[in-house]
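Visitor: I would like to go through this model by way of its contacts. Please give the cut-offs along with the values.

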Amino acid sequence: MDKAVISKRSRGKPGASAPSPRPSRADAEAAVRTLIRWAGDDPDREGLKSTPARVVRAYEEWFSGYSDDPSEYLKRTFEETGGYDEVVVLRDIRFESHCEHHLAPIIGRVHIGYLPRNRVVGISKLARLVEVFARRLQIQEKMTAEIASCLDAVLKPHGVAVVTEATHQCMTTRGVHKPGVTMVTSRMLGVFRDHAETRQEFLSAIGMRGVVHGNGTG
Ligand SMILES: [Zn+2]
């Protein structure tokens with residue numbers, strides 16, 4: 001059974017001094033009303049009446065990752081691997097996240113590879129791992145690194161490779177208005193960092209041969 005771990009600690013930013021208490025639902029709805037007025041509209045008109053409540057419910061879903069402990073999803077591993085000692089790759093894990101600078105959507109795909117050391121994890125768990133980190137305010141570089149570090153810490157494989165490709169709506173719908181731009185970030189650990197051949201094997205499997213080098217963020 002997947003069990004969401006809810007703790008006061010996981011609510012705040014790691015390392016931050018005592019986070020201020022979580023605002024009430026009414027506080028959050030009032031903030032949405034303020035933003036509607038800031039946009040230039042009337043939060044009391046018919047079409048907008050239920051909007052603050054809807055937005056707050058949407059936030060509960062988009063940011064549900066704060067109440068989940070990602071390492072919990074990886075605890076259940078399979079040790080009967082029949083001597084399998086090759087790279088495992090899960091590609092095209094779609095995710096939706098939000099950038100921490102504009103609260104705008106980041107939409108993309110994550111590709112994960114690892115070289116197991118006796119233990120493998122169910123593929124649905126890898127997808128859940130991505131989801132937990134995506135459902136927080138993010139920057140793509142950090143999310144990529146967090147996914148890799150978590151897998152590395154819990155599974156202790158010979159190596160982990162994570163490549164993320166995404167479009168940032170703060171870039172496509174405002175500011176520089178550059179639709180079609182995809183950002184690619186990567187984190188290579190262990191054998192994927194140290195052995196070009198293993199790294200290339202992963203990159204070929206995800207159709208990115210030669211695109212990403214072994215020096216962390218690409
Ligand atoms: Zn942004």
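Predicted model: local features only at pLDDT ≥ 70, side-chain atom pairs only at ≥ 80, totals over all residues.

Visitor: Which protein atoms are the donors of the zinc ion?

Guide: Donors are N, O and S atoms within 2.8 Å of the metal (3.2 Å for Na, K and Ca); water is not among the atoms, so sites may look incomplete. The protein donors lie 2.2 to 2.3 Å from the zinc ion, and they are Cys 99 (SG), His 102 (ND1) and Cys 170 (SG).

Visitor: How many residues apart in sequence are the parts that Cys 99 and Cys 170 tie together?

Guide: The spacing of the donor residues of the zinc ion is C-x2-H-x67-C. Cys 99 belongs to strand E2 (residues 88–99) and Cys 170 to helix H7 (residues 169–172), so the pair ties together parts whose separation in sequence is 71 residues. Helices (H or I, at least four residues) and strands (E, at least two) are DSSP runs, numbered from the N terminus.

Visitor: Are Cys 99 and Cys 170 buried or exposed?

Guide: The classes rest on relative accessible area with a 1.4 Å probe and protein chains only: under 20% is buried, over 50% is exposed, and in between is partly exposed. By that rule, Cys 99 and Cys 170 are both buried.

Visitor: How many bridges join E3 and E6?

Guide: Two strands pair if DSSP finds at least two bridges between them. E3 and E6 pair in the antiparallel sense, and the number of bridges is ten.

Visitor: Which residue stands opposite Ala 161 in E7?

Guide: E6 is also joined to strand E7 (residues 183–190) by eight bridges, and these strands run antiparallel. Nine of the ten residues of E6 are buried, so E6 is largely enclosed by the rest of the structure. Opposite Ala 161, the residue in E7 is Met 188.

Visitor: How far apart are the closest N and O atoms of Arg 109 and Glu 165?

Guide: The bridge partner of Arg 109 in E6 is Glu 165. Their side chains also form a salt bridge (a side-chain nitrogen of Lys or Arg within 4 Å of a carboxyl oxygen of Asp or Glu), with the closest N and O atoms 3.3 Å apart.

Visitor: How many residues separate Arg 109 and Glu 165, which form this salt bridge?

Guide: Arg 109 is partly exposed at a relative accessible area of 35%, whereas Glu 165 is buried at 16%. The pair links distant parts of the chain, strand E3 (residues 105–115) and strand E6 (residues 159–168), and the separation is 56 residues.

Visitor: What is the N to O distance between Glu 131 and Arg 128?

Guide: Both residues lie in helix H5 (residues 123–134), three residues apart, about one turn of the helix. Glu 131 counts as partly exposed at 28% relative accessibility, and Arg 128 counts as partly exposed at 28%. Their side chains meet in a salt bridge with an N to O distance of 2.0 Å.

Visitor: How many salt bridges does a search of the whole structure find?

Guide: One more example is Arg 193 with Asp 194, at 3.4 Å from N to O. Asp 194 counts as exposed at 52% relative accessibility, while Arg 193 is partly exposed at 43%. The search of the whole structure gives a count of eleven.

Visitor: Which residues do ring pairs link into a cluster?

Guide: Rings of Phe, Tyr and Trp (its six-membered ring) pair if their centres lie within 6.5 Å; planes under 30 degrees apart count as stacked, over 60 as edge-to-face and the rest as tilted. By this rule there are three aromatic pairs. The ring centres of Tyr 59 and Trp 62 are 6.1 Å apart with the planes at 55°, so this pair is tilted. The cluster linked by ring pairs consists of Tyr 59, Trp 62 and Phe 63.

Notes:
Residues numbered from 1 in each chain as written. Heavy atoms only, no water.
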